[in-house]
Structure formats: structure tokens, C-alpha cells
Amino acid sequence: MPEHTAASRLRLSGLCFLLQILNILLFAVFARYSPESSPSHCPPQLDCSQRNQDSGFQQPRFWDVHIQVLLSFGLLVAFLSRYGPGSAAISILIVAFTIQWAVLLQGFFYFFLNGKIYLGAQSMVSADFCTAAVLISTGAVLGRVNPVQMLLLALLEVTVCTLNEYILLSLMGVRDSGRSLTVHTFGAYFGLMVSRVLYQPHKDKRKREEQQDMGHQLDVFAVVGTIYLWIFWPSFTSATTVLDNAENWAALNTYFSLVASTVATFILSPVLYEESTPRMVQIQDATLAGMAVMGMAGEMLVTPFGALIAGFLAGLISPLGFRFFTPVLHSRLKIQDTCGVHNIHGLPGILGALLGTLLTLLATADTYGDRLELVFPLIAQGSRTITDQALIQLSALPLTLLLAALGGCLTGAVLKTKVLRSPPDAQYLENTVLWEVAEERCDPRAGGKELGISTLV
């Protein structure tokens, strides 16, 4: 074990060094500040129309999205007592690398002109969205991959995620401001396919035992993560809306969906489980589901009661999924979903895509007024009919699932190569590679409650 621990640390250190040097070189060659800070100097070939508010580093929405990704998603993957310290720290590493890599790859697709990538606050917001998709995917394989595999997963997923986003948003003209498809659905099913490829039946029994080892830090992380979700997620769903008028709709719809999904879990959890009230982690899951369902539809004319209905349905889907769908995924499809991303991101994301398609069919100049040009510019300009736009919105769902499945299978095959896998006994103690994890001990002051201690080496 000591030899493996030293080798793992050096391998992670070496990979981080190589990837960071690569990013520095690519930024040196291609990256430049965007001329959007001086609109009069914005080249006509570069689309500055959606970034004219990009004094963006001064705007709350950029900071809100960044805090949401770093804190909320980081805390949400830190709930297993044996993996908690490692998960929280590795998630920060994933965020740090993924933002750089996503800025570069998305820059080549969106902000590339005369051999240079022009970067602004919108570049960072888009990179944060991509980072969120990666963190969602890591939730499906948490505890089953080592840090080196995590970094490689991020490297490959950002590439496929950027391609999927470019096809949907730029080429097809899909409206998905809150990223029901490109973040929630894509991230969930990409991670699930990676998990399926990495499935190892002879280790499955031990993995189930480890997954039940949820120490006292579970509810602490869930409480803090949920609070950040309530504070910052409306900014997350409205960060890419073109103007403040559309942003108001997105924020309001998100809040209505959020409150309804939270109430729903208090209704259903006591029926499905023996507890009289839901655990904090169940409230956290319902909160995520309610927000995921409003990703595509957030900027549309959902109406307050429609947002409440959508959030309520999403809040029911999450506990039902954990109770009935997760065992099927595990027993029949051989998919180990550590954090339940299928129930809190995947299914609500699909529901959000279907809701967005329905609302697109109802989009008319009479109902939207002047906002139609903000939400559906191609319809307002006469370039598309309402039916065409709705069909495009609907077709984006199977395309996203296809790209997520193919990308997840390819990534899983890469991560499963012998040179990247940990030895059998070390894989389940991967925290000990970078952290000293003390054995469970009994604290007499806590009435015999078992406590776990992890210390950064």
C-alpha cells in the first residue's frame, strides 16, 4: 500500500503539471481579452451582441454562477464519510482545470477570430456551465475512480459537452437558457454510461457497504449545499438570458419551481420511507430536481402556476426514482449511481426538455408580446414557424442522450485501461492516497456515536 500511495500521488502530480503547462501554452498562443469592453472597437466579424453587458465581472450574475458551481456542486459530492474530504478537494481541482479547458474549447467554437480567442465574462459563465456538467457526471462514479481518472474524465467530457452545446444552441437554434439539456441531462447520462463501463461485479458488494457509510458530515454538507442552491440557482438559470426582462422570468419561474419541489418531498418521503420527516439530503435532492426541470422553460411563459406544477412533479420524481428506479439501474442495467444523478438531474432534465417543447408550441406574438423576440428570435423574425421550433426543441433531447451515451462509453473505456485503474484493495480507500483517514472511533461524549476523522497530508 505505501508503494501504491506514493505512486498515485506522483502520478496525479505529474498529470496536473502536464495539463497545466498545456493550458498555459494554449492560452499564451490563442487567448486575448475581448474587445467587448470597448464596443466601438468590436470587430464586425465577432458577435458582441450578447456580450455587450460584459462589464460582466461587475455584474452579480457572473459571481453567482461561479459560487454556485464551486460551492454548491462541490459540497453536494462530499457526502460519503470515507470519501468526503477527498471528494471536496478533488472537486475543486476538477473545477480549476475544467474552467481553463472549457474556456479554450468553447473559445474555438464561439469566440475565435483571426487566429485568436477573445475572452470575456460570458466565456467564464459558459465555462462554468460546462464545469457543472462535469461535476454532475463525477457524482455517478464517486468513490469508484481515482483522482487521475477524474481529471481525464473532465478532459474528455468537456470536449463532448462543448460539441453538444455548439450543435444544439448555435447550429440548431435550441432555446435552453438554464441548460436542462446541455448540463443536467448531458452530465447525468454521460456519468451513468461511464459508470456502466466501469462496472465490476466482484467488487459490487463491498461498494454497497461503502456507500452506506455516511457519517455525521452528510447532513452538514447537505444543509450548506442546499442553502447555496436556494440563494444562487436563480442566477444560474438566468445567466445566459439576453436582457433583464427575460432574466426576470427565469428567476421567478425557478423560485416557484424550487418551493413546489421542496414541498413535494415532504409529501412523498414519509410515504416511501419510515422517517416521519425527510432527511436533509432528500430536501437537497428535491431542490436540485426542481431547478433542473426549469432549465429550458425558465425564460419561457410558464406562468407562476405552471412553474409550481412543474416543480411539484420534479419533487415527486426524485424520491420515486431513488425508491424504484435506482434498484432497477443497479440490478438490471448494472449501473452504480453513487449520488443518484439519474433522479436529481437526468429525469428532471428530460421533463424540463419536454416542458420546453410544449411551451414552444404555445409561443405566439399575442401571448409573448415584445418578449417573443427575446425568447424566440427566429420565430419573431419569421425564419421559423412555431411548429418547426418545437420539433427542433424536441429533437435536441435524443441527440443529447446519444452524444452523452457515446461520449460516456468512450470515456469509460479509456478510464478502464489497466494503467489507470487502482489495485482492488486501494480503489475503495482512494482517500488514503491523498488523505490520512482515521479509523472509525467511538466518542464517549457523543453517547457512543461513531466518528470519522480525515486529515490532509
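Colleague: What percentage of the 457 residues in the protein chain is buried?

Modeller: The model is a predicted one, in which local features need pLDDT of at least 70 and side-chain atom pairs pLDDT 80 or more, while totals for chains, interfaces and linings use all residues. Residues are numbered from 1 along each chain as its sequence is written, and side-chain values use heavy atoms, with hydrogens and water left out. Buried denotes under 20% relative accessible area, exposed over 50%, and partly exposed in between, with a 1.4 Å probe and protein chains only. On that basis, the buried share of the 457 residues is 56%.

Colleague: How many helices and how many strands are there in the protein chain?

Modeller: Both are DSSP runs numbered from the N terminus: helices are H or I with at least four residues, strands E with at least two. The count for the protein chain is 18 helices and seven strands.

Colleague: Which residues have the most contacts inside the largest nonpolar core?

Modeller: A nonpolar core is a set of buried Ala, Val, Leu, Ile, Met, Phe, Trp, Tyr and Cys residues joined through side-chain atoms within 4.5 Å. The largest such core has 95 residues. Those with the most contacts inside it are I94, M294, Y368 and F376.

Colleague: Which residues does F376 contact, leaving aside neighbours within four places in sequence?

Modeller: Contact requires heavy atoms within 4.5 Å. With those neighbours set aside, the partners of F376 are R175, M300, T360, A363, Y368 and Q389.

Colleague: Is T411 buried or exposed?

Modeller: T411 is located in helix 16, residues 386–415. It touches L153, L156, F190 and V194, not counting residues up to four places away in sequence. Because its relative accessible area is 2%, T411 is classed as buried.

Colleague: Which backbone oxygen does the side chain of T411 reach?

Modeller: A polar contact is a pair of N or O atoms within 3.5 Å; within protein, one must be able to donate a hydrogen and the other to accept it, and residues adjacent in sequence count only if both atoms are side-chain atoms. At 2.8 Å, the side chain of T411 reaches the backbone oxygen of G407.

Colleague: Which side chain is joined to that of R179 by a polar contact?

Modeller: R179 lies in the loop between helix 5 (147–171) and helix 6 (180–197), and it is buried because its relative accessible area is 6%. Its side chain reaches the backbone oxygen of D176 at 3.0 Å. The side-chain partner, at 3.4 Å, is T182.

Colleague: Why does N114 count as exposed?

Modeller: N114 is in the loop between strand 2 (112–113) and strand 3 (116–119). Its phi is near 55°, a positive value in a residue other than glycine. N114 counts as exposed because its relative accessibility is 65%.

Colleague: What is the relative accessibility of K334?

Modeller: K334 is placed in the loop between helix 11 (304–331) and helix 12 (341–361). Its phi, near 60°, is a positive value in a residue other than glycine. K334 counts as partly exposed because its relative accessibility is 31%.

Colleague: Which helix gives the most to the nonpolar patch?

Modeller: The patch, about 780 Å², includes V223, W230 and V259 among its residues. Helix 8 (217–238) and helix 9 (244–272) each supply at least two residues. With five residues, the greatest contribution comes from helix 8.

Methods:
Patch = residues over 30% accessible without salt bridge, like charges linked within 9 Å, V, L, I, M, F, W, Y side chains within 5 Å. Areas by Shrake-Rupley, 256 points an atom, 1.4 Å probe, with all protein chains shown as cover. Salt bridge = Lys/Arg side-chain N within 4 Å of Asp/Glu carboxyl O.
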